[in-house]
Amino acid sequence: MLHDIQPMPLVSVIINTYNSATYLGDAIRSVLSSDYQNFELIVWDNQSTDDTKNLVALFQDSRLQYIYAPRHTELGEARNLALDHVHGEYVGFCDADDMWGPQKISKQVAFFQTHPLTV
């Protein structure tokens, strides 16, 4: 019996950062190490004055997009501004000092696909 194979939806992951270069590399690596491969990673730099830009440049991955904010904002507004750049069906926020487990995205996508929202 053949089962319908659902396509892997694109997941947009946003990391908002402000002077978080000390921890940001671990956060980026944790997302890039995901077993789920169909994602884009947007690093929204809220006008950091530390080494954030150079740190992000060390990651050579086509799924990663670095955006330097045009002005410094509060975190909520920064998240909303970053949302203007997503292309995914699902969106997740990873804080700059957080690390995601390798199955976080795949488990959440599987859950959303088996438990669709009804409006």
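Predicted model: local features only at pLDDT ≥ 70, side-chain atom pairs only at ≥ 80, totals over all residues.

Four strands form an open sheet in the order E3-E2-E1-E4, and their pairing is parallel. Strand E3 (64-68) and strand E4 (90-93) are the edge strands, each of them pairing on one side only, and from one strand to the next the twist averages 20°.

Strand E1, which covers residues 11-17, runs parallel to strand E2, which covers residues 39-45, and the two are joined by seven bridges. Ile-15 has Val-43 in E2 as its bridge partner. In general, strands of a sheet pair through backbone hydrogen bonds, in either a parallel or an antiparallel manner.

## Helices across the sheet

Helix H1, made up of residues 21-32, lies across E1, E2 and E3, and its direction is at about 165° to E2. Helix H3, made up of residues 75-83, lies across E1, E2 and E4, running at about 145° to E1.

Thr-52 belongs to helix H2, which spans residues 52-57. With a relative accessible area of 0%, Thr-52 counts as buried because this value falls under the 20% cut-off.

The side chain of Thr-52 makes a polar contact, at 2.5 Å, with the side chain of Asp-50. When residues up to four places away in sequence are not counted, Thr-52 touches Thr-17, Asn-19, Ser-20, Ala-21, Leu-24, Asp-45 and Tyr-66.

How values were computed: Residues numbered from 1 in each chain as written. Heavy atoms only, no water. Buried < 20%, exposed > 50% of the residue type's maximum accessible area, 1.4 Å probe, protein only. Polar contact = N/O pair within 3.5 Å; in protein donor to acceptor, adjacent residues only side chain to side chain. Contact = heavy atoms within 4.5 Å. Pairing = 2+ DSSP bridges. Axes fitted to C-alpha atoms, helices over the stretch in contact; angles between N-to-C directions.
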